[in-house]
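Dear colleague,

I am passing on the structure below, together with notes on what turned up when I went through it. Please look at the model first and then read on.

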Amino acid sequence: MSSPLGDSRATGSPPAAITLTLPDGQTVRVRLHARREVPGPQRWRYLVGVPSWIAQPDGVESAEYTVWVTDRQLTPIEGVDLSGVPTRRLPGPPPQPAPGWVVRPAPECRGRTVVHDAGCRHAAGGGTELGAQEAMDALMRDGARACNECDAAAVLVPALELGQGHG
């Protein structure tokens, strides 16, 4: 029998426990309902149920808020089997990984550039595709900066700082 996610696992599989890291660094135990492969550099999305509560006239009722997240926000719990989680893969061969980085002109200032993760929404629509070393070289040029809305600032800037004074 096929599930609504398009896979051959049984529908109604119980969710698996997993840990979700929230944007402020807090962690919470959530329920992993499904996973699906999508095009792009972060190929997997995970449907998790986050515990929450709903105020009712006679008190508070437990509820679950569901949201799709990437693996960057999830940490498996030791001993929890994730093999029963419904999984939907893209049809055909696995997609080729996107180049890691894209450099584009800075929208706010002519002559300046911004380096983005290839999956960043600001990288769409053009720019030059770069490998990791080329991206770091691009950041070292005058007028260049790393995007703060994707992984560019979090990954490339610390890597550049590690290399200072060692060359």
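**A buried threonine**

Thr 19 is buried because its relative accessible area is 19%, where buried means under 20% relative accessible area, exposed over 50% and partly exposed in between, with a 1.4 Å probe and protein chains only. Please keep in mind that this is a predicted model, in which local features need pLDDT of at least 70 and side-chain atom pairs count only at pLDDT 80 or more, while totals for chains, interfaces and linings use all residues. Residues are numbered from 1 along each chain as its sequence is written, and side-chain values use heavy atoms, with hydrogens and water left out.

Thr 19 belongs to strand E1, residues 16-21; helices (H or I, at least four residues) and strands (E, at least two) are DSSP runs, numbered from the N terminus. When neighbours within four places in sequence are set aside, the contacts of Thr 19 (heavy atoms within 4.5 Å) are Thr 27, Val 28, Gln 73, Leu 74, Thr 75 and Ile 77.

**The protein as a whole**

The protein has two helices and 10 strands, and from the N terminus on its elements follow the order β-β-β-β-β-β-β-β-β-α-β-α. Of its 167 residues, 29% are buried, and among contacts with a separation of 6 or more, 49% join residues 24 or more positions apart.

**An open sheet**

Four strands make up an open sheet with mixed pairing, in the order E9-E7-E8-E10, where two strands pair if DSSP finds at least two bridges between them. Strand E9 (128-130) and strand E10 (144-146) stand at the edges with a single partner strand each, so one side of each has no neighbour in the sheet. Within this sheet, strand E7 (residues 101-105) and strand E8 (residues 113-117) are paired in the antiparallel sense over five bridges, and Arg 104 has Val 114 in E8 as its bridge partner.

**Arginines and a tryptophan**

Arg 45, in strand E3 (residues 44-56), counts as partly exposed because its relative accessibility is 25%. Beyond its neighbours within four places in sequence, Arg 45 is in contact with several residues, including Arg 36 and Trp 68. Arg 36, in turn, lies over the face of Trp 68, at 4.0 Å from the ring centre; a charge sits over a ring if NZ of Lys or CZ of Arg is within 6 Å of the ring centre and within 35 degrees of the ring normal.
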